[in-house]
Amino acid sequence: NNTMTKNLKVLVSSNDFPASGLRVLEEHFTVVQTKYLNFGEEGRTLAKDDLLKLIPGCSALVWSSNLPITKELLDKAGPQLKLVATVSAGYNHCNLDELRARGIKLSNTPNVLAPAVAEIAVGLILGAARRFTENLDQVRRGEWEIGFDKVLGQDVRGSTVGIIGLGGIGQAVVKRLAGFEVEKFVYSGHREKPEAKALGAEFVTQDQLLAQSDFIVLAVPLTNETKHMINKDTLGKMKSNAIVVNVGRGDLIDQEALYDALKNKQIYAAGLDVTTPEPLPKDHKLFTLPNLFVLPHIGSATVRTRSDMGVLAANNVVNALTGKPLITPVKL
Ligand SMILES: O=CC(=O)O
């Protein structure tokens with residue numbers, strides 16, 4: 001009976017949270033929503049005043065933002081807070097220690113976004129390999145070259161593709177690339193994955209992956225262990241035609257080292273859907289590189305996927321506040 005839960009307040013930290021998810025929440029709870037503020041240093045940030053005004057007394061936070069969940073925010077929310085439902089697969093912004101200490105649960109939205117993120121990984125692979133940045137610049141500047149032998153790129157056909165992190169997203173990338181006549185898929189990670197066999201992907205050490213791969217796709221979460229996993233040292237182990245693609249988090253890559261490697265043509269190119277910071281300021285030196293293809297963190301940004309993520313986050317809230325197990329809990 002919804003009248004039991006109607007007095008519970010749920011905060012949605014975005015005014016463009018999908019309507020489908022909002023409907024689920026509004027059926028059960030009193031929903032309050034914050035607006036977005038601006039595109040500043042930290043990226044698209046929440047209206048902080050708005051947030052601090054609305055957060056006290058909330059039983060759940062539906063977090064549709066990469067704004068860090070701070071101790072201050074949790075204090076402000078109050079002891080009745082039961083759940084943070086982040087509308088993302090990644091939860092590096094969620095301060096797990098603080099949530100654990102307070103007995104607050106955390107849910108995320110894995111799986112439903114894997115196909116859309118994998119499609120963007122394929123887009124980045126093609127964009128970097130076929131030099132979309134340079135080619136698009138030429139077209140837009142009216143310097144469109146006649147003839148096909150000017151801006152030559154790399155083939156996916158016949159290549160070795162290395163996936164760092166063969167989880168849901170990594171597997172979806174392999175499935176999507178299966179029609180590209182890739183010669184070999186390799187992957188690295190903590191352990192062999194049972195799904196790898198059916199995908200024809202071979203488990204190798206990270207060093208082997210770096211040394212063999214023509215394309216290196218980063219599909220791991222950001223943790224203390226994975227931070228700057230692509231650095232001067234690991235870039236130095238790659239082939240000179242290597243193309244690095246990142247659909248995880250910006251901090252998986254030491255961007256200074258990547259800049260140097262791209263500038264000196266130590267590797268061929270990179271395609272990034274995630275950077276540090278986001279947005280990357282328009283005068284950032286990475287934008288001077290012709291062999292870098294950047295997208296503004298749009299991995300999950302399709303109508304269907306955002307809707308699925310919104311509904312999943314909302315159903316996690318319903319479960320948490322009606323005493324049922326979370327659908328997609330994050331282990332704390
Ligand atoms: O970056 C997006 C996500 O983690 O879902």
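Me: In which loop is P277 found?

Reply: In this predicted model, P277 is found in the loop between β13 (269-272) and β14. P279 has its place in the loop between β13 and β14 as well.

Me: Which residue in the loop between α7 (168-177) and β9 has a positive phi although it is not a glycine?

Reply: That residue is E181, with a phi of about 60 degrees, and its loop runs between α7 (168-177) and β9. E181 counts as exposed because its relative accessibility is 57%, where over 50% is required. H297 is a further case, a residue other than glycine with a positive phi of about 55 degrees; H297 lies in the loop between β14 and α12 and is partly exposed, with a relative accessible area of 35%.

Me: How confident is the predictor in the chain and in the complex?

Reply: The chain averages a pLDDT of 94, and 96% of the residues score at least 70. For the complex, the predictor gives an ipTM of 0.94 and a pTM of 0.94.

Me: How do I read a pair of aromatic rings, and how many aromatic pairs does the structure hold?

Reply: A pair of aromatic rings is described by how far apart the centres are and by the angle of the planes. The structure holds two aromatic pairs. In one of them, the rings of F132 and F293 have their centres 5.7 Å apart and their planes at 80 degrees, so this pair is edge-to-face. The pair links distant parts of the chain, with F132 in helix α6 (residues 132-141) and F293 in strand β14 (residues 292-294), 161 residues apart. F132 is partly exposed at a relative accessible area of 39%, whereas F293 is buried at 15%.

Me: What is the geometry of the pair formed by Y187 and F203?

Reply: Y187 and F203 form a tilted pair, 5.2 Å centre to centre with 45 degrees between the planes. This pair also links distant parts of the chain, since Y187 is in strand β9 (residues 184-188) and F203 is in strand β10 (residues 201-203), 16 residues apart. Y187 counts as buried at 1% relative accessibility, while F203 is partly exposed, with a relative accessible area of 30%.

Me: Which charged residue sits over the ring of Y259?

Reply: The charged end of K285 sits over that ring, 4.4 Å from the centre of the ring of Y259.

Me: How many disulfides does a search of the whole structure find?

Reply: The search finds zero disulfides. C58 is in no disulfide, and the nearest cysteine sulfur, that of C94, is 16 Å away, whereas a disulfide needs the two sulfur atoms within 2.5 Å. C58 is buried, with a relative accessible area of 0%, and C94 likewise counts as buried at 0% relative accessibility.

Me: How do I read a nonpolar core, and which residues have the most contacts inside the largest one?

Reply: In soluble globular proteins, nonpolar side chains tend to be buried together. The largest nonpolar core here has 56 residues, and those with the most contacts inside it are L25, V62 and V317. Helix α5 (residues 114-129) gives the most to this core, with 10 residues. Apart from it lies another core, of 29 residues, among them L218, I230, A242 and L286.

Me: What does L25 touch, leaving aside residues up to four places away in sequence?

Reply: With those left aside, L25 touches V10, V12, F17, V31, V62, A314 and V317. L25 is one of the buried residues of helix α1 (residues 19-28), which also include S20, G21, L22, V24 and H28. What covers the buried residues of α1 includes β1 (9-12), β2 (30-33), β5 (58-63) and α12 (303-321).

Methods: Residues are numbered from 1 along each chain as its sequence is written. Side-chain values use heavy atoms; hydrogens and water are left out. Buried means under 20% relative accessible area, exposed over 50%, partly exposed in between (1.4 Å probe, protein chains only). Rings of Phe, Tyr and Trp (its six-membered ring) pair if their centres lie within 6.5 Å; planes under 30 degrees apart count as stacked, over 60 as edge-to-face and the rest as tilted. Helices (H or I, at least four residues) and strands (E, at least two) are DSSP runs, numbered from the N terminus. A charge sits over a ring if NZ of Lys or CZ of Arg is within 6 Å of the ring centre and within 35 degrees of the ring normal. A nonpolar core is a set of buried Ala, Val, Leu, Ile, Met, Phe, Trp, Tyr and Cys residues joined through side-chain atoms within 4.5 Å. Contact means heavy atoms within 4.5 Å. pLDDT is the predictor's confidence in each residue, from 0 to 100.
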